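Thank you all for making the time this morning. I would like to take you through one model, and I will ask you to keep the display in view while I talk.

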Amino acid sequence: MSACGTIRSHYIGTGNNFNKLYATFGEHEGHVDIQVTSEELKRFAEQCGADLVRVADLALLEGIDTAPPDLFEGFARAVSMAVRLADGVMDQIVDRPTPLYQQHYLKVNAVLDDLAVRVSQFIQKAGGKALPIPASQLLNKARWTSYVSHKAVAVAAGLGWQGKSLLVVSPKHGPRVRLVTVLTDLPLDADAPIKNRCGKCSSCADACPAQAIKNVNTYRHYSSREEALHFERCVEKVTTEFPKIPFIDSPICGVCIAVCPWGKKRVRRDSEEPEEL
Ligand code: B12
Ligand code: SF4
Ligand code: SF4
């Protein structure tokens with residue numbers, strides 16, 4: 001059995017880190033010295049089902065919109081995690097969402113939320129504070145926004161770069177990943193952002209059924225999503241047109257995910273190390 005769900009017994013059972021972890025928490029006048037490392041936390045998250053895990057320095061996201069505005073107060077780091085979508089599901093998407101993708105989308109969101117809870121438990125057992133952000137909860141229906149953008153956190157953590165589709169593209173799985181975030185005050189080593197590698201590719205813009213992607217490349221992030229996307233065209237497709245398809249009842253599409261060459265197996269660069277900025 002994996003460490004996940006049996007956090008403490010696994011670490012004791014394998015002679016691994018939880019014993020060491022507890023041993024290194026020196027209590028001095030109510031203050032807890034925490035020595036859990038980024039590597040230990042990443043290993044735990046992977047055992048719980050994360051396909052990618054990186055740590056963001058929240059100082060890189062100063063000025064970003066959050067709800068509430070002081071969401072980051074008391075937190076210096078964010079754990080950015082991704083669960084990979086199944087190629088068998090994504091390869092069936094041509095110009096619209098499929099009922100199979102609808103179910104997969106819901107299930108992967110549930111896995112992500114579960115993962116965030118387990119990582120929060122790990123952080124709290126290590127004496128830290130954790131704030132798991134739901135995978136896909138819409139807070140402001142007029143502005144189409146949530147607590148914080150998982151994509152912005154993932155880009156700061158170097159989990160991927162923000163592609164022309166506005167999706168986070170990871171070197172290993174392309175945009176065929178869904179994301180979740182856990183804020184923490186643990187003093188974890190942060191990872192660095194990676195280089196944008198969209199280059200001259202325009203596959204997502206060419207395939208978009210709403211002709212919403214403007215084919216604009218950026219270095220780090222967009223000052224506004226309208227810079228890169230005819231936002232209303234995408235919203236109209238995913239909220240009005242596609243839900244008329246039988247069994248589609250979430251605002252999904254999947255075309256810009258499916259066509260990206262970084263997510264397709266034959267061109268996936270598994271061996272290539274992401275270059276830091
Ligand atoms: C609302 C929402 C939507 C809305 C609006 C989408 C949008 N572009 O904002 C609709 C319904 C249209 C939608 C569509 C889709 N979505 Co959606 N969506 C969300 C949700 C729930 C909230 C997004 C949000 O708050 N956006 C607010 C905008 C303003 O944020 P942003 O564009 O990411 O970043 C801005 C700021 O953060 C800022 N910024 C970024 N970095 C920095 C750094 C600094 C220093 C500063 C100052 C600012 C800054 O600049 C950006 C522009 O203003 C997220 C989950 C989440 N909590 O993140 C999923 C999410 C973004 N969606 C996702 C996906 C996959 C999709 C779809 C493909 C649908 C599907 N599942 O098939 C399409 C793709 C559309 C597209 N090309 O963008 C995934 C993306 C995964 C990935 N690999 O990138 C997410 C992360 C869900 C998840 N848990 O994985 N989505
Ligand atoms: S989700 Fe669909 S409609 Fe929206 S940008 Fe991607 S391909 Fe276009
Ligand atoms: S399809 Fe091409 S342009 Fe679009 S995000 Fe992927 S690599 Fe970038």
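What you see is a predicted model, in which local features need pLDDT of at least 70 and side-chain atom pairs count only at pLDDT 80 or more, while totals for chains, interfaces and linings use all residues. Residues are numbered from 1 along each chain as its sequence is written, and chains are lettered from A and ligands numbered from 1 in the order in which they are written.

In overall terms, the protein has 9 helices and 8 strands, where helices (H or I, at least four residues) and strands (E, at least two) are DSSP runs numbered from the N terminus. Of its 277 residues, 40% are buried; a residue is called buried if 20 or more other C-beta atoms lie within 10 Å of its own, exposed if 12 or fewer, and partly exposed in between, with C-beta atoms placed from the backbone. If we take the contacts with a separation of 6 or more, 71% of them are between residues 24 or more positions apart, a contact being two C-beta atoms, placed from the backbone, within 7 Å.

Let me turn to the sheet. Four strands, in the order β3-β4-β8-β5, form an open antiparallel sheet, and strands are said to pair if DSSP finds at least two bridges between them. At the edges stand β3 (52-57) and β5 (130-133), each with a single partner strand, so one side of each is left without a neighbour in the sheet. On average, and with direction ignored, neighbouring strands here are turned by 25° against each other; axes are lines fitted to C-alpha atoms, for helices over the stretch in contact, and angles run from 0 to 180 degrees between N-to-C directions.

Strand β4, residues 77-84, is joined to β3 by 6 bridges in the antiparallel sense, and among the partners across that pair are V55 with V79 and V53 with M81. Towards β8 (residues 177-184), β4 pairs over 8 bridges, again antiparallel, and there V83 stands opposite R178. How much of β4 is buried? The count is 7 of its 8 residues, so β4 is largely enclosed by the rest of the structure. Helix α3, residues 38-47, lies across β3 and β4 and runs at about 140° to β3.

That brings me to the core. A nonpolar core here means a set of buried Ala, Val, Leu, Ile, Met, Phe, Trp, Tyr and Cys residues joined through C-beta atoms within 7 Å. The largest one has 72 residues, of which A45 and L115 touch the most other members, and α5 gives the most to this core, with 9 residues. Leaving aside neighbours within four places in sequence, L115 is in contact with A45, C48, G49, A50, M81, V83 and V180.

Q124 lies in helix α5, residues 99-125, and counts as partly exposed because it has 13 C-beta neighbours inside 10 Å; its C-alpha is 9.2 Å from that of T184, 60 residues away in sequence. K151, in helix α6 (residues 150-157), has 21 such neighbours inside 10 Å and therefore counts as buried, and beyond four places in sequence K151 touches Q162, V168 and L179. F242 sits in the loop between α8 and α9 and is buried, with 21 other C-beta atoms within 10 Å. The C-alpha atoms of F242 and P97 are separated by 7.3 Å, although these residues are 145 apart along the chain, and the contacts of F242 outside four places in sequence include R96, P97 and K237.
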